[in-house]
Amino acid sequence: MIIDLHMHSNVSDGSLPPRELVALAKESGVSLMALTDHDTMAGVPEAAEAARSAGIGFVPGVEISTAWGGQTVHIVGLGLDADDAEAERFFAGASTLRDKRGQRIAEKFEKLYGIRGSYEGALSFAGNRENLSRTHFARWLLREGIVKTYQEAFDRFLRTGRPCFVQTDWPSVAEAVAIIHRTGGLAVIAHPGRYHFDSEWMSDELCRDFRRMGGDAIEVSSGSQSPAADLHFAQVARDLGFLASAGSDWHSPGGTRPAPGHQAPIPDDLTPVWDKLRIGR
Ligand code: AMP
Ligand code: MN
Ligand code: MN
Ligand code: MN
């Protein structure tokens, strides 16, 4: 069974509308999928409906931006109820942070480089101001010819520590876990091997801290971390008693991530997180 519990649509920073993402997942052989857009569940109803028509299992999801150890850490929520009022307030807060951050990024481009119009430019890629992402700035910079590659936009301007990076006061990991549990979901550390902490042991400490908070699972197989990281975090899942999750982190065709469902399989001895999810069909 091909399963993918981490994918993005154009409701956040992916390139396909939810409906087309589901079609691609189906074409790729996926029989159970989750939509996990950044800080919004606005694409879930469309994806759920498309998955029902396509006859594949669907789990509502989200990838929440949080702050931990001086870095942005992504916590995936799976199986949560998008209609909850408190969850709506929580995601509205993240939208406001994204919009304010976008304005500050644009101020930096203008002040430091005389580059005007980046906020409006990024918005034109985002489609709406609810989910404005650094990736939309990167796409605008590429289209304007200010950078030669998408990656250059991050490496020169946007990634942590570069001149147009703006620190964002994301909610804590504990707050994300609380909102996920409140709405009946399971909390998962996304791509634990991808964080750039000051010291290597910090990623393991994040997992221990997450376990103490009642976190449920970690991604032991992710299209956005190395095979070595998959192996390491499979062992962490064994040691700390986490459920195991898996996902491609697919965003767009021609990206660096594997096709939907084509991340590595999880080791047989671990308990998959999907064993504990209610699956809509
Ligand atoms: P945001 O949530 O708006 O801060 O954007 C985060 C997204 O930007 C991630 O999900 C990645 O898709 C992308 N991203 C973050 N850092 C980098 C980087 N160093 N190089 C390329 N893409 C990145
Ligand atoms: Mn992304
Ligand atoms: Mn992520
Ligand atoms: Mn992601």
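This is a predicted model: local features need pLDDT of at least 70, side-chain atom pairs count only at pLDDT 80 or more; totals for chains, interfaces and linings use all residues.
1. The manganese ion (ligand 3) lies 5.6 Å from the manganese ion (ligand 2).

2. Which residues hold the manganese ion (ligand 3)? Glu-63, through OE, His-74, through ND1, and His-191, through NE2, coordinate this ion at 2.1 to 2.2 Å. Along the chain, these donors are arranged with the spacing E-x10-H-x116-H. Within this site, Glu-63 in strand β3 (residues 57-68) and His-74 in strand β4 (residues 71-78) form a pair that links distant parts of the chain, eleven residues apart. Glu-63 and His-74 are both buried.

3. The manganese ion (ligand 2) has as its coordinating residues Asp-13 (OD), His-38 (NE2) and His-251 (NE2), at 2.1 to 2.2 Å. The sequence spacing of its donors reads D-x24-H-x212-H. Asp-13 and His-251 are a pair linking distant parts of the chain, 238 residues apart. Asp-13 belongs to the loop between β1 (2-4) and α1 (18-27), whereas His-251 belongs to the segment after β7 (243-247). Asp-13 is buried, as is His-251.

4. How is the manganese ion (ligand 4) coordinated? Its protein donors are His-6 (NE2), His-8 (NE2), Glu-63 (OE) and Asp-249 (OD), at 2.1 to 2.2 Å from the ion. In sequence, the donor residues show the spacing H-x1-H-x54-E-x185-D. His-8 is in the loop between β1 and α1, and Glu-63 is in strand β3, so this pair ties together parts that are 55 residues apart in sequence. Both His-8 and Glu-63 are buried. The manganese ion (ligand 4) and the manganese ion (ligand 2) are separated by 4.7 Å.

5. A further point concerns Arg-238, a residue of helix α9 (residues 227-240). Is Arg-238 buried or partly exposed? Its relative accessible area is 35%, and Arg-238 is therefore classed as partly exposed. Its side chain makes a polar contact of 2.8 Å with the side chain of Gln-235. When neighbours within four places in sequence are left aside, the residues in contact with Arg-238 are Pro-267, Asp-269 and Leu-270. Of this group, Leu-270 stands 32 residues from Arg-238 in sequence, while the C-alpha to C-alpha distance between the two is 7.0 Å.

6. The last point is the packing of helix α3 (residues 85-113) against helix α5 (residues 134-143). The two helices pack at an angle of about 35°, and their axes are 10 Å apart. The crossing of α3 past α5 is right-handed. Which residues meet where α3 and α5 pack? From α3 come Arg-101, Gly-102, Ile-105, Ala-106 and Phe-109, and from α5 come Arg-134, Phe-137 and Leu-141. Sorted by class, this contact contains five nonpolar residues, one polar residue and two charged residues.

Notes. Residues are numbered from 1 along each chain as its sequence is written. Chains are lettered from A and ligands numbered from 1 in the order in which they are written. Side-chain values use heavy atoms; hydrogens and water are left out. Donors are N, O and S atoms within 2.8 Å of the metal (3.2 Å for Na, K and Ca); water is not among the atoms, so sites may look incomplete. Helices (H or I, at least four residues) and strands (E, at least two) are DSSP runs, numbered from the N terminus. Buried means under 20% relative accessible area, exposed over 50%, partly exposed in between (1.4 Å probe, protein chains only). Contact means heavy atoms within 4.5 Å. A polar contact is a pair of N or O atoms within 3.5 Å; within protein, one must be able to donate a hydrogen and the other to accept it, and residues adjacent in sequence count only if both atoms are side-chain atoms. Axes are lines fitted to C-alpha atoms, for helices over the stretch in contact, and angles run from 0 to 180 degrees between N-to-C directions. A crossing is left-handed if the near helix is turned anticlockwise from the far one by less than a right angle, and right-handed if clockwise. Ala, Val, Leu, Ile, Met, Phe, Trp, Tyr, Cys and Pro count as nonpolar, Asp, Glu, Lys and Arg as charged, and the others, Gly among them, as polar.
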